[in-house]
2 protein chains.
Amino acid sequence: MNIEEAKNSLMALQRKMAAYEHAMGLIYFDGSTGAPRKTAENRGVSLSILSEEMYRIGTSSETVELLDFLDERANELDEKQRRMVTLMLKDIREMQKIPMGEYVAYQELLVRADAIWHEAKEKSDFELFCPCLEQIFETQKRFAGYADPSKKPYDYCLNKYEEGLNMETCDAFFDKVRSGIVPLLKKISEAPQVDDSIRFGSFSEEKQRELAYYLMKTIGLDLDHVGLSTTEHPFTTSLGSHHDERITTHYFENDFVCSMYSVVHEGGHALYDTGSDDSLAYTVLDGGVSMSIHESQSRFYENIIGRSRAFCNLIFPKLRELFPDEMKGRSAEELYRAVNKVEPSLIRTEADEVTYSLHIMVRYELEKRIFAGELEVKDLPAEWNRLYKEYLGIDVPDDKHGVLQDTHWSGGMVGYFPSYALGNAYGAQFLSRMRESVDVDKCIEAGDLDAVNAWNRENIWKHGHLYTPAQLLSRVLGGAFDPQYYIDYLTAKVKDVYGV
Amino acid sequence: MNIEEAKNSLMALQRKMAAYEHAMGLIYFDGSTGAPRKTAENRGVSLSILSEEMYRIGTSSETVELLDFLDERANELDEKQRRMVTLMLKDIREMQKIPMGEYVAYQELLVRADAIWHEAKEKSDFELFCPCLEQIFETQKRFAGYADPSKKPYDYCLNKYEEGLNMETCDAFFDKVRSGIVPLLKKISEAPQVDDSIRFGSFSEEKQRELAYYLMKTIGLDLDHVGLSTTEHPFTTSLGSHHDERITTHYFENDFVCSMYSVVHEGGHALYDTGSDDSLAYTVLDGGVSMSIHESQSRFYENIIGRSRAFCNLIFPKLRELFPDEMKGRSAEELYRAVNKVEPSLIRTEADEVTYSLHIMVRYELEKRIFAGELEVKDLPAEWNRLYKEYLGIDVPDDKHGVLQDTHWSGGMVGYFPSYALGNAYGAQFLSRMRESVDVDKCIEAGDLDAVNAWNRENIWKHGHLYTPAQLLSRVLGGAFDPQYYIDYLTAKVKDVYGV
């Protein structure tokens with residue numbers, strides 16, 4: 001093997017992995033969109049086989065030899081190739097520590113857990129889901145131990161979604177955010193409430209779909225490469241490479257705002273993915289670097305852009321065109337106030353910007369304590385409800401609206417939640433940097449996000465997974481990450497909407 | 001390896017192949033249904049990689065050893081296992097003769113050909129497609145030579161879609177059919193024409209979709225396992241096993257009959273597939289035995305059931321409910337006559353029952369002569385047009401409505417067309433057998449096809465690919481196949497509709 005052959009093999013290997021991910025991603029996507037009701041078994045069988053095949057290829061002695069060969073010749077590789085080898089070796093070394101039987105059993109557990117969680121949520125019956133969830137947490141702990149016994153297991157989980165993240169950082173971050181949010185919430189509770197009746201009424205799915213495509217175009221998505229489908233829970237996925245991206249939404253006939261912001265949120269993910277440099281297609285560097293940077297983009301478009309006064313002004317004429325009866329006598333300003341209403345609530349995905357991080361803190365606390373052995377899975381519902389009372393001041397009526405609301409745990413995504421809160425905070429600091437060279441509000445008002453997108457593409461999107469999150473942050477921010485930007489952003493928004 | 005281990009490995013190997021077929025089938029399905037416009041590249045890359053992976057697994061020395069081991073111990077296998085080994089060994093021995101590079105290049109050619117054919121058809125520009133088509137025919141000839149040099153290449157192609165079929169059989173079959181059809185057409189041309197205005201008007205896609213689901217339920221499909229989507233060209237596919245089946249249709253706003261019979265036709269394929277015995281799931285015996293038996297089922301439901309007077313009577317009240325304005329003053333009898341109108345036309349998929357086989361004969365003639373070296377690909381359009389004039393008496397205005405109309409050749413499906421005509425003829429003889437124990441018309445009138453479906457399931461569907469087409473035919477028919485049943489069926493239909 002010479003170095004040029006090895007470089008070619010490296011690219012071929014990644015294309016192969018991308019093909020398996022394409023297949024598995026599409027089987028999952030199909031299950032959430034068009035598949036007939038009783039066809040999960042076929043998908044489970046195929047996913048389990050394909051993931052086993054991919055595991056074999058990814059950890060084969062041939063693969064390891066190739067990567068070791070290249071790793072030893074890192075000085076003959078360019079920056080991208082070096083990063084590919086580093087990331088793949090890291091993955092392999094972790095994967096190799098997991099016995100294949102356990103890995104496959106875990107994939108099967110997740111397929112089962114997904115079905116059971118759906119049923120449990122439907123019936124608001126945590127006990128039904130509890131044994132599965134116990135196994136998921138146990139497996140995660142065990143895998144963390146295999147992967148890096150020197151690390152605390154929960155730090156390992158955090159690190160999976162955000163390279164370099166640990167509990168120390170999270171604790172400091174959440175402390176700061178909480179101490180910024182709590183006084184804001186107190187002020188809001190003493191101010192007059194916001195009227196959000198504009199969002200409620202009767203909005204046909206057909207018209208909401210038209211709105212969704214309008215929003216996708218408005219934020220700058222290329223519809224030749226980004227599709228829109230309907231699912232129970234909105235999500236975004238790449239199929240094969242960033243040239244084929246799918247977002248999904250869920251329409252509620254009585255409230256158009258839910259789907260509207262789902263589309264802009266998932267659209268933000270899709271902008272990030274499709275903004276990868278073309279040279280990264282079919283490699284491990286394609287798409288976003290980490291979940292929190294990903295969320296920084298999705299929530300940047302959803303909240304910072306999408307919930308701005310300028311954006312509400314921009315889209316209001318379209319709303320009037322689509323829903324003439326419902327928008328009669330309404331104004332863009334009413335829309336702006338409605339979509340920025342702050343109110344402690346039960347469901348994370350429907351939370352406003354200010355209380356959102358509190359929802360995350362509940363989940364972070366619970367995961368941390370389970371991993372520390374201070375909390376048992378069976379006691380999750382009671383602790384969940386206690387923390388919602390303590391952090392948000394509200395009573396949880398049942399587990400469907402409480403501990404069973406999120407899909408993450410049934411999907412094995414433990415350690416994921418902090419990404420959302422971090423993403424929010426990164427986004428606020430990115431905005432401040434962006435404003436040094438881009439007149440963001442003017443762009444939005446003009447309905448032309450090219451300059452905004454160009455800034456994000458140049459600074460964030462095009463790099464894909466080339467840098468670590470910390471490296472990327474430091475390049476973009478030109479200094480340290482500081483959650484104060486986020487607190488300041490929220491404070492200004494609250495002042496504008498509530499006058500306090 | 002002992003025999004029990006080997007049997008288990010045989011099942012595991014087939015599950016693995018089924019998973020790859022699931023993935024590839026779904027990528028193809030996605031490309032025809034929900035995929036954004038410019039995402040074909042990703043699918044091409046992934047399909048080429050996955051097909052190469054599947055080829056490697058299917059022809060690996062481990063696989064060959066396993067199958068040879070089992071083949072040598074055939075007397076220790078049950079009937080199903082023996083058939084699995086036979087079929088898989090046959091496939092492998094043929095595949096092994098094709099150099100892998102050529103196999104992969106051919107897959108890539110087909111991906112390219114599909115895109116080029118679409119463009120050529122759009123532009124009615126055969127020259128654009130000609131070089132691709134030449135390569136496809138050349139490759140087919142070459143592969144036929146690799147696979148079985150003792151066979152005539154075109155016989156090899158016919159045999160691929162219908163085990164045991166050859167030109168001698170086809171020639172005799174088509175001669176008989178043609179000599180039955182020509183006098184019928186002459187009689188019709190002298191009779192008063194049928195008024196088919198009932199099918200034309202304005203029919204919303206939404207209502208046509210409602211009709212489609214009604215028809216799917218009426219013919220007995222289980223919607224928990226069979227999905228419906230919209231595509232340019234209708235088709236049916238299984239994903240993973242017969243427990244997940246998808247059919248597609250295409251709605252024309254001005255003519256509800258097109259989609260209606262597409263749904264019943266594809267629904268017939270889906271009935272056959274989903275009727276496989278459960279023990280056959282994830283094996284090579286799952287689904288139908290051959291294309292012609294498959295077409296015998298799809299066209300049985302489309303024509304013999306769907307175009308019967310009893311069926312028109314059954315569904316007419318539903319049509320009246322869905323399209324009250326369009327059906328005002330119309331009758332079930334008008335529908336029956338309209339959907340049985342006979343008229344030589346340009347497009348195979350829209351042809352009536354009587355002229356349908358003539359469309360097939362044109363294609364059969366052309367393929368046969370290309371393989372015999374008597375016709376060059378570049379001369380196809382002229383010969384196509386000449387034969388349409390000779391067989392159907394009509395002038396072809398352009399290649400879009402002529403030689404470029406079908407997707408088969410761009411998909412490498414050479415030798416497929418005769419299946420359609422054979423399927424028609426098998427279906428007519430099956431009907432005669434079925435009538436010995438089932439009052440078919442009474443079932444249809446009552447809207448309860450259980451007895452009809454049970455007969456098909458017991459005699460045909462449940463066996464999957466356990467028997468050869470010839471074995472299955474002889475079991476079902478209790479005697480030799482005779483196209484006279486088909487001629488008699490058509491003659492009776494023409495007499496009923498045209499009174500001649």
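Domain bounds here come from an automatic or database domain assignment.

**View 1. The two domains of chain A in this predicted model.** Let's start with the overall division: domain 1 of chain A covers 3–96, and domain 2 of chain A covers 167–498. Between the C-alpha centres of domain 1 and domain 2 of chain A there are 30 Å.

**View 2. Where domain 1 of chain A meets domain 2 of chain A.** Each domain brings 14 residues to this contact. On the domain 1 side, helix 1 and helix 4 (79–96) of chain A each supply at least two residues. By residue type, the domain 1 side that touches domain 2 of chain A holds 6 nonpolar, 5 polar and 3 charged residues.

**View 3. The contact between chain A and chain B.** Four elements of chain A each supply at least two residues of the side that touches chain B: helix 1 (3–32), helix 2 (40–59), strand 1 (226–230) and strand 3 (241–249).

**View 4. Helix 1 of chain A on the side that touches chain B.** Helix 1 of chain A gives the most to the side of chain A that touches chain B, supplying 8 residues. Taken as a whole, that side of chain A divides into 13 nonpolar, 11 polar and 8 charged residues.

Technical notes
Residues are numbered from 1 along each chain as its sequence is written. Chains are lettered from A and ligands numbered from 1 in the order in which they are written. This is a predicted model: local features need pLDDT of at least 70, side-chain atom pairs count only at pLDDT 80 or more; totals for chains, interfaces and linings use all residues. Two residues are in contact if their C-beta atoms, placed from the backbone, lie within 7 Å. Ala, Val, Leu, Ile, Met, Phe, Trp, Tyr, Cys and Pro count as nonpolar, Asp, Glu, Lys and Arg as charged, and the others, Gly among them, as polar.
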